[in-house]
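Here's a quick briefing to read alongside the model. Keep the viewer open and click through the residues as they come up.

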Amino acid sequence: MRLSPLQRITYAIADAMLAGPAEPDSMVERMSDSLGVPSDWMLGLARRVAKRFGARWDSVDSKEVALVVAKTAGFVAAWRSEARPFVVRVLRRPPVQQLPPPRLREIALPKLATLGDLAAWLEVEVAELDWFADRWRVLPQGADTPLHHYTYKAIEKRDGRCRLIEIPKSRLRSLQRKILHGLLDRVPPHDCVHGFRKGRNTVTYAAPHAGKAVVVRFDLADFFASVHAPRVHAVMRTLGYPLEVARMLTALCTNRVPSARLLAADVRGKFDWLERQRYRTRHLPQGAPTSPALANLCAYRLDLRLEGLARAVGATYTRYADDLAFSGDEDLARVVERLKVRVAAIALEEGFSIQLRKTRVMRRGVRQHLAGVVVNQHPNLARSEFDALKAILMNCVRHGAASQNREGHADFRAHLQGRVAQAVMLNAARGAKLKGIFERIGWEDIANDSRLDSEA
């Protein structure tokens, strides 16, 4: 937006006043410094601004102060005179980390008021931040140059569609882990979220829906790729980080896939136009350690609205990553078609989309299952989930664990160990069989692959 000459000078005066303490005499000195000479109208303006905004000085916006400047009679008279004031020096308010929302006030977030603070916290040089942010240096057409901070792996889904795993290289991954453990892990998502949270899992996600007359499952399309950089930036700003710090944190945690990679032989024709656009736009990369936590935080409004919808129809709502679950009694069963329409509409308004062909309405007379957990009477291990996990474990024993890590899990052993532990929790007898197979797996090939990745 282009500013008029009047707007430019009122903003400059507002910035000068905000560049220091909310004391009238100090503000007059800064205004005089900015305009080159003192003026009679400055003290009255400073007193008015101090009285109106002094109580919230650190959070007041320059636009608010500029509006007061523009309505001050002394300034208006000076602007209409032949000796119109003009700016000789621009003064800026030093960046200040704001307080997060009230619900997060008790959380100890790292103090990162400047890019220097961020660089010191990440233990890199300030000049390296732009390099890792990868915002200007690399043309989007290339994909396999050493200047890129990601490698890519295409994985075919069971439905024939393709998933692109974006794997950060070792140095960027270490920075992202610092951001994850030092910042994002401290910020709780909505309470209905059970994916990627300590102490929660698919069992806690499915358990609230056990023994219900009807269970409805929805699936979000391209969950990570749907979360674009502006939404991540909004989260960082909400946490109180100044503009430049929020921009840099966003750039470090998002990626855009080079056009050349989307045209490579292994993925050509496997993405529709909308999917390609999502990957070409800065988004959360599936494969970065920060993406799950950021996706949960960026979906806060989605979860808030869907929980409100569930309450309105007497239902229970939970989410595990891209799986949404609603359950209730016969009242919900009667309005299930309207529920499907409202969920799809809310998801669309919040920047996500529902894969309608994957929506499942499971009534009491059929098997009700969520994320491999059967919930008809009480949480139990689904036979199909048992068979699939058993097949993966047996193939790990026969062909090596690396051959089965088709989704590129950073710690495949921990991933499988978690799935086996969940099976033991749900069904002790079946789980014991899986645990016995897991203990026969040799992990040497995984260790070798991890070492090669770290050297890349």
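The buried residues of H17 are covered by, among others, strand S3 (214-219), helix H15 (300-312), strand S5 (323-328), helix H16 (330-334) and strand S6 (360-363). Covering here goes by contact, meaning heavy atoms within 4.5 Å. Helices (H or I, at least four residues) and strands (E, at least two) are DSSP runs, numbered from the N terminus.

A word on the ground rules: this is a predicted model, so local features need pLDDT of at least 70 and side-chain atom pairs count only at pLDDT 80 or more, while totals for chains, interfaces and linings use all residues. Residues are numbered from 1 along each chain as its sequence is written, and side-chain values use heavy atoms, with hydrogens and water left out.

**More on H17**

- Helix H17 takes in 14 residues (336-349), which should span 20 Å at 1.5 Å a residue, and its end C-alpha atoms agree at 20 Å apart. The expected span is 1.5 Å times one less than the number of residues.
- Val336, Leu339, Val343, Ile346 and Ala347 are the buried ones in H17. They sit on the same side of the helix because they cover an arc of only 100 degrees around the axis; the arc is that of the directions from the helix axis to the C-beta atoms.
- An α-helix has 3.6 residues a turn, so residues three or four places apart point the same way.
- Over on the other side of H17, Glu337, Arg338, Val341, Leu348 and Glu349 are exposed. For these labels, buried is under 20% relative accessible area, exposed is over 50%, and partly exposed is in between (1.4 Å probe, protein chains only).
- Just past the end of H17, Gly351 has a positive phi of about 90 degrees.

- Asp303 is part of helix H15 and counts as buried, because its relative accessibility is 0%.
- What does the side chain of Asp303 pair with?
- Leaving out residues up to four places away in sequence, Asp303 touches His190, Cys192, Val193, Asn296, Tyr317 and Arg319.

- Phe196 isn't a glycine, yet its phi is positive, near 60 degrees. You'll find Phe196 in the loop between helix H8 (170-182) and helix H9 (202-206), and at 44% relative accessibility it counts as partly exposed.
- Asp222 is another non-glycine with a positive phi, of about 45 degrees. Asp222 is in the loop between S3 and helix H10 (229-238), and it counts as buried at 14% relative accessibility.

**Salt bridges**

- There are 18 salt bridges in the structure; each is a side-chain nitrogen of Lys or Arg within 4 Å of a carboxyl oxygen of Asp or Glu.
- Arg200 pairs with Asp191, with the closest N and O atoms 2.8 Å apart. Arg200 is partly exposed at 24% relative accessibility, whereas Asp191 is exposed at 54%.
- Arg383 and Asp387 form a salt bridge too (3.3 Å, N to O). Both are in helix H18 (residues 383-399), four residues apart, about one turn of the helix.
- Glu385 and Arg419 meet in a salt bridge at 3.0 Å, N to O. That pair links distant parts of the chain, 34 residues apart, with Glu385 in helix H18 and Arg419 in helix H19 (residues 412-426).

**Nonpolar cores**

- The largest nonpolar core has 74 residues, and Leu122, Leu184, Leu252, Leu306, Phe326 and Val343 touch the most other members. Helix H11 (residues 243-253) gives the most to this core, with seven residues.
- A nonpolar core is a set of buried Ala, Val, Leu, Ile, Met, Phe, Trp, Tyr and Cys residues joined through side-chain atoms within 4.5 Å.
- Not counting residues up to four places away in sequence, Leu306 touches Tyr317, Leu324, Phe326, Val343 and Ile346.
- A second, separate core of 26 residues includes Phe386, Ala401, Leu434 and Ile441.
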